[in-house]
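User: Hi, I'm new to this one. Could you walk me through it?
Analyst: Happy to, here it comes.
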Amino acid sequence: MSSTTTRPPLSSFWHDLPREGRWLISTVLVQSIGTGLVLPFLVVYLHEVRGISLETVGLLLAFQAGVGIVLVTPAGALIDRIGARFVYASALIALLVGDVLLAFATSLPQAVLALLFFGYGFGVVWPASSSLVGSLIPSDQRQRYFGINFTLLNLGIGIGGIVGGRFVDVTRPGTFEAIYLLDAASYLLPLAILLGPLRRAGGRVLHATHGATDDAGARVSYLTLLRDRRLRALLALGAVAAVVSYPQLNVGMPAYARAEGQVSTEGLGYAFAANTVVIVLLQLFVLQRIEGRRRTRVTVVMAATWAVAWSLLGATSLVPGTVTATILLCGVAGVFGLGETMLQPTSAAMVNDLAPDHLRGRYNALSSLMFSLAFAGGPVVASFLVGRGLGWVYIGFLVGGCVALAVIALLVERVVPDQVNGLRPVEPAPAVVPATVGEAISG
(Lines give C-alpha, C1' and ligand atoms only; values in the text may rest on other atoms or scores of the structure.)
Protein backbone atom coordinates (compact mmCIF):
# COMPACT_ATOMS: atom_id res chain seq x y z
CA MET A 1 0.00 0.00 0.00
CA SER A 2 1.41 3.41 -0.95
CA SER A 3 0.85 6.75 0.73
CA THR A 4 0.05 10.05 -0.93
CA THR A 5 -0.22 13.65 0.16
CA THR A 6 -2.63 15.82 -1.78
CA ARG A 7 -2.62 19.59 -2.11
CA PRO A 8 -6.07 21.14 -2.49
CA PRO A 9 -6.24 23.53 -5.45
CA LEU A 10 -6.41 27.22 -4.60
CA SER A 11 -9.63 27.37 -6.59
CA SER A 12 -11.27 25.48 -3.71
CA PHE A 13 -10.22 28.11 -1.15
CA TRP A 14 -13.51 30.03 -1.05
CA HIS A 15 -15.60 26.85 -1.14
CA ASP A 16 -13.65 25.26 1.72
CA LEU A 17 -13.71 28.34 3.95
CA PRO A 18 -16.18 28.27 6.82
CA ARG A 19 -18.92 30.89 6.60
CA GLU A 20 -17.25 33.09 9.21
CA GLY A 21 -13.99 33.04 7.28
CA ARG A 22 -15.75 34.26 4.15
CA TRP A 23 -17.24 37.18 6.02
CA LEU A 24 -13.89 38.05 7.57
CA ILE A 25 -11.83 38.06 4.38
CA SER A 26 -14.52 39.93 2.41
CA THR A 27 -13.61 43.19 4.18
CA VAL A 28 -9.85 43.14 3.58
CA LEU A 29 -9.77 44.88 0.21
CA VAL A 30 -12.03 47.78 1.25
CA GLN A 31 -10.16 48.31 4.50
CA SER A 32 -6.73 48.19 2.83
CA ILE A 33 -7.74 50.67 0.11
CA GLY A 34 -8.47 53.12 2.92
CA THR A 35 -5.08 52.38 4.45
CA GLY A 36 -3.37 52.94 1.10
CA LEU A 37 -5.02 56.34 0.76
CA VAL A 38 -3.15 57.68 3.81
CA LEU A 39 -0.16 55.40 4.37
CA PRO A 40 2.41 57.30 2.24
CA PHE A 41 1.35 60.77 3.38
CA LEU A 42 1.45 60.99 7.18
CA VAL A 43 4.81 62.77 7.35
CA VAL A 44 3.87 65.05 4.44
CA TYR A 45 0.55 65.91 6.07
CA LEU A 46 1.92 66.68 9.53
CA HIS A 47 4.94 68.61 8.28
CA GLU A 48 3.92 70.37 5.08
CA VAL A 49 0.20 70.82 5.69
CA ARG A 50 -0.04 71.28 9.47
CA GLY A 51 3.38 72.94 9.88
CA ILE A 52 4.87 70.58 12.47
CA SER A 53 8.66 70.38 12.27
CA LEU A 54 10.28 67.20 10.92
CA GLU A 55 12.03 66.58 14.23
CA THR A 56 8.73 66.74 16.08
CA VAL A 57 7.07 64.51 13.48
CA GLY A 58 9.78 61.93 14.11
CA LEU A 59 9.02 62.07 17.83
CA LEU A 60 5.30 61.71 17.11
CA LEU A 61 5.90 58.57 15.06
CA ALA A 62 8.11 57.16 17.81
CA PHE A 63 5.35 57.96 20.31
CA GLN A 64 2.81 56.05 18.21
CA ALA A 65 5.13 53.03 17.94
CA GLY A 66 5.87 53.20 21.68
CA VAL A 67 2.17 53.13 22.55
CA GLY A 68 1.74 50.00 20.44
CA ILE A 69 4.73 48.28 22.05
CA VAL A 70 3.51 49.05 25.56
CA LEU A 71 -0.06 47.88 24.90
CA VAL A 72 0.46 44.78 22.74
CA THR A 73 1.10 42.28 25.56
CA PRO A 74 -1.78 43.49 27.78
CA ALA A 75 -3.94 43.30 24.66
CA GLY A 76 -2.92 39.67 24.17
CA ALA A 77 -4.08 38.82 27.68
CA LEU A 78 -7.30 40.76 27.06
CA ILE A 79 -7.95 38.76 23.87
CA ASP A 80 -7.74 35.54 25.88
CA ARG A 81 -10.03 36.91 28.58
CA ILE A 82 -12.83 38.48 26.55
CA GLY A 83 -12.30 37.14 23.02
CA ALA A 84 -10.52 38.29 19.87
CA ARG A 85 -13.61 39.80 18.24
CA PHE A 86 -14.13 42.41 20.96
CA VAL A 87 -10.49 43.49 20.99
CA TYR A 88 -10.34 43.56 17.18
CA ALA A 89 -13.45 45.74 17.08
CA SER A 90 -11.95 48.09 19.68
CA ALA A 91 -8.79 48.44 17.55
CA LEU A 92 -10.86 49.32 14.47
CA ILE A 93 -12.82 51.89 16.46
CA ALA A 94 -9.57 53.41 17.72
CA LEU A 95 -8.22 53.68 14.17
CA LEU A 96 -11.48 55.24 12.99
CA VAL A 97 -11.41 57.82 15.79
CA GLY A 98 -7.71 58.49 15.15
CA ASP A 99 -8.43 59.19 11.47
CA VAL A 100 -11.22 61.65 12.29
CA LEU A 101 -9.12 63.45 14.90
CA LEU A 102 -6.11 63.66 12.60
CA ALA A 103 -8.19 64.96 9.70
CA PHE A 104 -8.97 68.09 11.69
CA ALA A 105 -5.82 68.28 13.84
CA THR A 106 -4.42 71.80 13.47
CA SER A 107 -2.24 71.80 16.59
CA LEU A 108 0.40 69.56 18.14
CA PRO A 109 -1.76 68.40 21.10
CA GLN A 110 -4.52 67.36 18.69
CA ALA A 111 -2.02 65.39 16.61
CA VAL A 112 -0.67 63.70 19.76
CA LEU A 113 -4.20 62.62 20.72
CA ALA A 114 -4.84 61.23 17.24
CA LEU A 115 -1.58 59.26 17.26
CA LEU A 116 -2.43 57.91 20.72
CA PHE A 117 -5.49 56.27 19.18
CA PHE A 118 -3.38 55.09 16.23
CA GLY A 119 -0.83 53.61 18.62
CA TYR A 120 -3.49 51.53 20.32
CA GLY A 121 -5.18 50.57 17.05
CA PHE A 122 -2.08 49.54 15.11
CA GLY A 123 -0.51 47.92 18.17
CA VAL A 124 -3.53 45.73 18.84
CA VAL A 125 -5.09 45.10 15.44
CA TRP A 126 -2.56 42.49 14.27
CA PRO A 127 -2.64 40.12 17.29
CA ALA A 128 -6.42 40.54 17.55
CA SER A 129 -7.11 39.84 13.88
CA SER A 130 -4.61 36.95 13.76
CA SER A 131 -6.19 35.43 16.85
CA LEU A 132 -9.63 35.77 15.29
CA VAL A 133 -8.40 34.06 12.13
CA GLY A 134 -6.80 31.32 14.23
CA SER A 135 -10.07 30.70 16.04
CA LEU A 136 -12.27 30.70 12.92
CA ILE A 137 -10.09 29.06 10.24
CA PRO A 138 -9.16 25.36 10.47
CA SER A 139 -5.45 24.61 10.73
CA ASP A 140 -5.17 23.11 7.24
CA GLN A 141 -6.54 26.32 5.68
CA ARG A 142 -4.69 28.97 7.71
CA GLN A 143 -1.59 29.14 5.52
CA ARG A 144 -3.68 29.81 2.42
CA TYR A 145 -5.89 32.25 4.29
CA PHE A 146 -2.96 34.35 5.54
CA GLY A 147 -1.39 34.32 2.08
CA ILE A 148 -4.53 35.40 0.23
CA ASN A 149 -5.27 37.97 2.93
CA PHE A 150 -1.79 39.42 2.30
CA THR A 151 -2.45 39.55 -1.45
CA LEU A 152 -5.70 41.47 -0.95
CA LEU A 153 -4.00 43.75 1.56
CA ASN A 154 -1.26 44.72 -0.88
CA LEU A 155 -3.68 45.09 -3.76
CA GLY A 156 -5.82 47.45 -1.71
CA ILE A 157 -2.87 49.49 -0.45
CA GLY A 158 -1.57 49.78 -4.01
CA ILE A 159 -4.92 51.00 -5.30
CA GLY A 160 -5.33 53.41 -2.40
CA GLY A 161 -1.79 54.75 -2.79
CA ILE A 162 -2.30 55.48 -6.48
CA VAL A 163 -5.64 57.22 -5.88
CA GLY A 164 -4.31 59.16 -2.90
CA GLY A 165 -1.18 60.26 -4.74
CA ARG A 166 -3.23 61.68 -7.60
CA PHE A 167 -5.74 63.37 -5.32
CA VAL A 168 -3.89 65.05 -2.45
CA ASP A 169 -2.35 68.50 -2.79
CA VAL A 170 -0.31 70.15 -0.04
CA THR A 171 -1.76 73.55 -1.03
CA ARG A 172 -5.28 72.23 -0.39
CA PRO A 173 -5.58 70.88 3.18
CA GLY A 174 -9.10 69.71 2.42
CA THR A 175 -7.73 66.96 0.19
CA PHE A 176 -5.84 65.46 3.12
CA GLU A 177 -8.86 65.82 5.40
CA ALA A 178 -10.87 63.93 2.79
CA ILE A 179 -8.53 60.93 2.57
CA TYR A 180 -8.37 60.57 6.35
CA LEU A 181 -12.16 60.65 6.55
CA LEU A 182 -12.34 58.07 3.74
CA ASP A 183 -9.88 55.89 5.64
CA ALA A 184 -12.10 56.22 8.72
CA ALA A 185 -15.11 55.17 6.63
CA SER A 186 -13.25 52.08 5.41
CA TYR A 187 -13.40 50.65 8.95
CA LEU A 188 -17.21 50.79 9.05
CA LEU A 189 -17.70 47.66 6.91
CA PRO A 190 -15.47 45.35 9.01
CA LEU A 191 -17.04 46.78 12.18
CA ALA A 192 -20.51 46.07 10.83
CA ILE A 193 -19.53 42.48 10.04
CA LEU A 194 -17.92 41.97 13.46
CA LEU A 195 -21.04 43.31 15.17
CA GLY A 196 -23.44 41.55 12.79
CA PRO A 197 -22.71 38.24 11.04
CA LEU A 198 -19.71 37.49 13.32
CA ARG A 199 -21.32 38.60 16.58
CA ARG A 200 -21.13 35.08 18.01
CA ALA A 201 -17.64 34.29 16.67
CA GLY A 202 -14.24 34.74 18.24
CA GLY A 203 -15.42 34.75 21.83
CA ARG A 204 -13.45 33.74 24.85
CA VAL A 205 -12.23 30.14 24.93
CA LEU A 206 -12.30 28.41 28.30
CA HIS A 207 -9.43 26.08 29.11
CA ALA A 208 -10.45 22.51 29.82
CA THR A 209 -8.62 20.79 32.70
CA HIS A 210 -9.42 17.28 33.92
CA GLY A 211 -12.69 17.28 32.05
CA ALA A 212 -13.90 20.60 33.39
CA THR A 213 -13.65 24.19 32.29
CA ASP A 214 -11.87 26.69 34.47
CA ASP A 215 -10.28 30.11 34.37
CA ALA A 216 -6.70 28.91 33.97
CA GLY A 217 -6.21 30.69 30.70
CA ALA A 218 -6.75 34.05 32.36
CA ARG A 219 -4.04 33.36 34.97
CA VAL A 220 -1.22 32.22 32.69
CA SER A 221 1.63 34.74 32.61
CA TYR A 222 3.88 35.51 29.68
CA LEU A 223 6.84 34.17 31.66
CA THR A 224 5.06 30.83 31.89
CA LEU A 225 4.57 30.77 28.13
CA LEU A 226 8.21 31.61 27.49
CA ARG A 227 9.29 28.45 29.29
CA ASP A 228 8.13 26.58 26.19
CA ARG A 229 11.20 26.25 24.00
CA ARG A 230 9.02 25.79 20.91
CA LEU A 231 7.52 29.24 21.41
CA ARG A 232 10.94 30.73 22.17
CA ALA A 233 12.26 29.24 18.95
CA LEU A 234 9.42 30.72 16.88
CA LEU A 235 9.87 34.11 18.53
CA ALA A 236 13.61 34.07 17.79
CA LEU A 237 12.82 33.21 14.18
CA GLY A 238 10.27 36.02 13.99
CA ALA A 239 12.59 38.54 15.62
CA VAL A 240 15.43 37.97 13.14
CA ALA A 241 13.00 37.95 10.20
CA ALA A 242 11.52 41.24 11.46
CA VAL A 243 14.91 42.95 11.76
CA VAL A 244 15.95 42.19 8.16
CA SER A 245 12.54 42.77 6.59
CA TYR A 246 10.01 45.59 6.76
CA PRO A 247 11.96 48.24 8.71
CA GLN A 248 14.73 47.93 6.13
CA LEU A 249 12.35 48.00 3.18
CA ASN A 250 10.51 51.07 4.48
CA VAL A 251 13.44 53.02 5.93
CA GLY A 252 16.79 51.40 5.18
CA MET A 253 16.26 50.82 1.47
CA PRO A 254 15.21 54.42 0.67
CA ALA A 255 17.97 55.84 2.89
CA TYR A 256 20.68 53.72 1.24
CA ALA A 257 19.30 54.25 -2.25
CA ARG A 258 19.32 58.02 -1.82
CA ALA A 259 22.69 58.31 -0.05
CA GLU A 260 24.69 55.63 -1.86
CA GLY A 261 22.81 54.86 -5.05
CA GLN A 262 21.67 58.47 -5.64
CA VAL A 263 18.31 57.19 -6.87
CA SER A 264 15.63 59.84 -7.45
CA THR A 265 12.42 60.02 -5.43
CA GLU A 266 10.61 58.99 -8.60
CA GLY A 267 12.79 55.90 -8.72
CA LEU A 268 11.81 55.10 -5.13
CA GLY A 269 8.18 55.25 -6.19
CA TYR A 270 8.84 52.79 -9.01
CA ALA A 271 10.57 50.45 -6.57
CA PHE A 272 7.66 50.34 -4.13
CA ALA A 273 5.28 49.83 -7.04
CA ALA A 274 7.40 46.87 -8.17
CA ASN A 275 7.17 45.40 -4.67
CA THR A 276 3.37 45.56 -4.71
CA VAL A 277 3.08 44.16 -8.25
CA VAL A 278 5.29 41.16 -7.45
CA ILE A 279 3.27 40.30 -4.35
CA VAL A 280 -0.09 40.59 -6.10
CA LEU A 281 1.05 38.57 -9.13
CA LEU A 282 3.04 35.84 -7.38
CA GLN A 283 1.39 35.24 -4.00
CA LEU A 284 -1.13 32.68 -5.28
CA PHE A 285 1.55 30.92 -7.33
CA VAL A 286 3.86 30.72 -4.31
CA LEU A 287 1.03 29.54 -2.04
CA GLN A 288 0.40 26.56 -4.29
CA ARG A 289 4.11 25.68 -4.38
CA ILE A 290 4.66 25.81 -0.61
CA GLU A 291 1.46 23.97 0.35
CA GLY A 292 2.35 20.87 2.35
CA ARG A 293 6.06 21.71 2.56
CA ARG A 294 8.03 22.37 5.73
CA ARG A 295 7.58 26.01 6.64
CA THR A 296 11.10 26.13 8.04
CA ARG A 297 12.51 25.10 4.65
CA VAL A 298 10.35 27.76 3.01
CA THR A 299 11.89 30.23 5.47
CA VAL A 300 15.39 29.17 4.38
CA VAL A 301 14.45 29.91 0.76
CA MET A 302 12.95 33.22 1.88
CA ALA A 303 16.17 34.14 3.69
CA ALA A 304 18.22 33.34 0.57
CA THR A 305 15.84 35.46 -1.51
CA TRP A 306 16.22 38.42 0.83
CA ALA A 307 20.00 38.02 0.84
CA VAL A 308 19.90 38.43 -2.94
CA ALA A 309 17.67 41.50 -2.58
CA TRP A 310 19.99 43.24 -0.14
CA SER A 311 23.01 42.37 -2.30
CA LEU A 312 21.28 44.12 -5.20
CA LEU A 313 20.78 47.12 -2.92
CA GLY A 314 24.53 47.22 -2.31
CA ALA A 315 25.10 47.07 -6.07
CA THR A 316 23.24 50.38 -6.53
CA SER A 317 26.21 52.15 -4.96
CA LEU A 318 28.45 50.85 -7.77
CA VAL A 319 26.44 52.77 -10.39
CA PRO A 320 25.19 55.83 -8.48
CA GLY A 321 22.82 58.27 -10.13
CA THR A 322 22.20 56.11 -13.20
CA VAL A 323 19.19 54.39 -14.72
CA THR A 324 20.91 51.12 -13.84
CA ALA A 325 20.79 52.07 -10.16
CA THR A 326 17.05 52.67 -10.43
CA ILE A 327 16.54 49.33 -12.19
CA LEU A 328 18.58 47.59 -9.51
CA LEU A 329 16.46 49.24 -6.82
CA CYS A 330 13.27 48.01 -8.50
CA GLY A 331 14.91 44.58 -8.49
CA VAL A 332 15.59 44.93 -4.76
CA ALA A 333 11.95 45.67 -4.00
CA GLY A 334 10.66 43.01 -6.38
CA VAL A 335 12.91 40.23 -5.08
CA PHE A 336 12.12 41.27 -1.53
CA GLY A 337 8.42 41.04 -2.42
CA LEU A 338 8.95 37.46 -3.56
CA GLY A 339 10.33 36.71 -0.11
CA GLU A 340 7.31 38.38 1.47
CA THR A 341 5.03 35.92 -0.31
CA MET A 342 6.75 33.19 1.71
CA LEU A 343 6.83 35.04 5.04
CA GLN A 344 3.20 36.05 5.42
CA PRO A 345 1.54 32.65 4.90
CA THR A 346 4.02 30.72 7.06
CA SER A 347 4.90 32.96 10.02
CA ALA A 348 1.39 33.65 11.33
CA ALA A 349 0.27 30.09 10.56
CA MET A 350 3.10 28.59 12.63
CA VAL A 351 2.27 30.74 15.66
CA ASN A 352 -1.46 29.97 15.47
CA ASP A 353 -0.89 26.24 14.91
CA LEU A 354 1.30 26.12 18.02
CA ALA A 355 -1.00 28.23 20.20
CA PRO A 356 -3.63 26.56 22.41
CA ASP A 357 -7.05 28.08 21.74
CA HIS A 358 -7.34 29.68 25.18
CA LEU A 359 -3.89 31.34 24.87
CA ARG A 360 -4.03 32.36 21.21
CA GLY A 361 -4.13 36.07 22.06
CA ARG A 362 -0.93 35.94 24.09
CA TYR A 363 0.92 33.91 21.45
CA ASN A 364 -0.02 36.36 18.71
CA ALA A 365 0.80 39.32 20.94
CA LEU A 366 4.34 38.02 21.53
CA SER A 367 4.78 37.44 17.80
CA SER A 368 3.52 40.93 17.04
CA LEU A 369 5.85 42.37 19.68
CA MET A 370 8.87 41.00 17.81
CA PHE A 371 7.89 43.01 14.73
CA SER A 372 7.00 46.10 16.77
CA LEU A 373 10.43 46.12 18.42
CA ALA A 374 12.07 45.66 15.03
CA PHE A 375 10.13 48.61 13.64
CA ALA A 376 11.41 50.68 16.57
CA GLY A 377 15.05 49.55 16.39
CA GLY A 378 15.56 48.67 12.73
CA PRO A 379 15.39 52.24 11.39
CA VAL A 380 17.89 53.34 14.07
CA VAL A 381 20.47 50.81 12.81
CA ALA A 382 19.86 51.79 9.19
CA SER A 383 20.06 55.54 9.77
CA PHE A 384 23.16 55.21 11.96
CA LEU A 385 25.18 53.10 9.51
CA VAL A 386 24.04 54.81 6.31
CA GLY A 387 24.29 58.26 7.90
CA ARG A 388 27.91 57.65 8.88
CA GLY A 389 28.90 56.48 5.42
CA LEU A 390 29.08 52.83 6.46
CA GLY A 391 26.90 51.61 3.62
CA TRP A 392 28.76 48.38 3.00
CA VAL A 393 28.67 47.57 6.72
CA TYR A 394 24.91 48.04 6.53
CA ILE A 395 24.63 45.67 3.55
CA GLY A 396 26.82 43.15 5.37
CA PHE A 397 24.56 43.45 8.42
CA LEU A 398 21.48 42.66 6.30
CA VAL A 399 23.03 39.75 4.38
CA GLY A 400 24.48 38.35 7.61
CA GLY A 401 21.06 38.64 9.21
CA CYS A 402 19.59 36.61 6.36
CA VAL A 403 22.20 33.89 6.91
CA ALA A 404 21.36 33.86 10.62
CA LEU A 405 17.66 33.61 9.73
CA ALA A 406 18.28 30.50 7.61
CA VAL A 407 20.33 28.87 10.37
CA ILE A 408 17.67 29.59 13.01
CA ALA A 409 14.97 28.19 10.71
CA LEU A 410 16.82 24.88 10.51
CA LEU A 411 17.19 24.84 14.31
CA VAL A 412 13.48 25.57 14.73
CA GLU A 413 12.72 22.59 12.49
CA ARG A 414 14.18 20.29 15.16
CA VAL A 415 11.89 21.70 17.84
CA VAL A 416 8.40 22.33 16.48
CA PRO A 417 5.92 19.54 15.69
CA ASP A 418 5.34 18.57 12.07
CA GLN A 419 1.81 20.00 12.10
CA VAL A 420 3.14 23.40 13.18
CA ASN A 421 5.77 23.12 10.46
CA GLY A 422 3.11 22.77 7.78
CA LEU A 423 3.17 19.01 7.22
CA ARG A 424 -0.20 17.32 7.01
CA PRO A 425 -0.75 13.73 8.08
CA VAL A 426 0.01 11.41 5.18
CA GLU A 427 -3.19 9.93 3.81
CA PRO A 428 -2.98 6.30 2.75
CA ALA A 429 -4.00 5.55 -0.80
CA PRO A 430 -7.24 3.56 -1.15
CA ALA A 431 -6.63 -0.17 -1.05
CA VAL A 432 -7.19 -2.02 -4.32
CA VAL A 433 -9.65 -4.85 -3.74
CA PRO A 434 -9.04 -7.81 -6.08
CA ALA A 435 -11.95 -8.49 -8.37
CA THR A 436 -13.66 -11.88 -8.28
CA VAL A 437 -13.52 -14.13 -11.31
CA GLY A 438 -17.14 -13.35 -12.11
CA GLU A 439 -16.59 -9.60 -11.86
CA ALA A 440 -13.54 -9.84 -14.05
CA ILE A 441 -15.46 -11.75 -16.76
CA SER A 442 -18.46 -9.39 -16.60
CA GLY A 443 -16.13 -6.39 -16.73
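User: How many residues does helix α17 have, and what span does it reach?
Analyst: Helix α17 (residues 323-354) has 32 residues and reaches 47 Å from first C-alpha to last, close to the 46 Å expected at 1.5 Å a residue. That expected span is 1.5 Å times one less than the number of residues. Helices are DSSP runs (H or I, at least four residues), numbered from the N terminus.
User: Before going on, what sort of model is this?
Analyst: A predicted one: local features need pLDDT of at least 70, side-chain atom pairs count only at pLDDT 80 or more, and totals for chains, interfaces and linings use all residues. Residues are numbered from 1 along each chain as its sequence is written, and side-chain values use heavy atoms, leaving out hydrogens and water.
User: Where does α17 bend?
Analyst: At Leu343, by about 30°, and a proline, Pro345, follows within four residues. The bend is the angle between axes fitted to the seven residues ending there and the seven starting there.
User: New topic: why does Glu260 count as partly exposed?
Analyst: Because its relative accessibility is 23%. Glu260 is in the loop between α14 and α15.
User: What does Glu260 touch?
Analyst: Leaving aside residues up to four places away in sequence, Glu260 touches Thr316, Ser317, Pro320, Gly389 and Gly391; contact means heavy atoms within 4.5 Å.

Notes
Helix = DSSP H or I, 4+ residues; strand = E, 2+ residues; numbered from the N terminus. Buried < 20%, exposed > 50% of the residue type's maximum accessible area, 1.4 Å probe, protein only.
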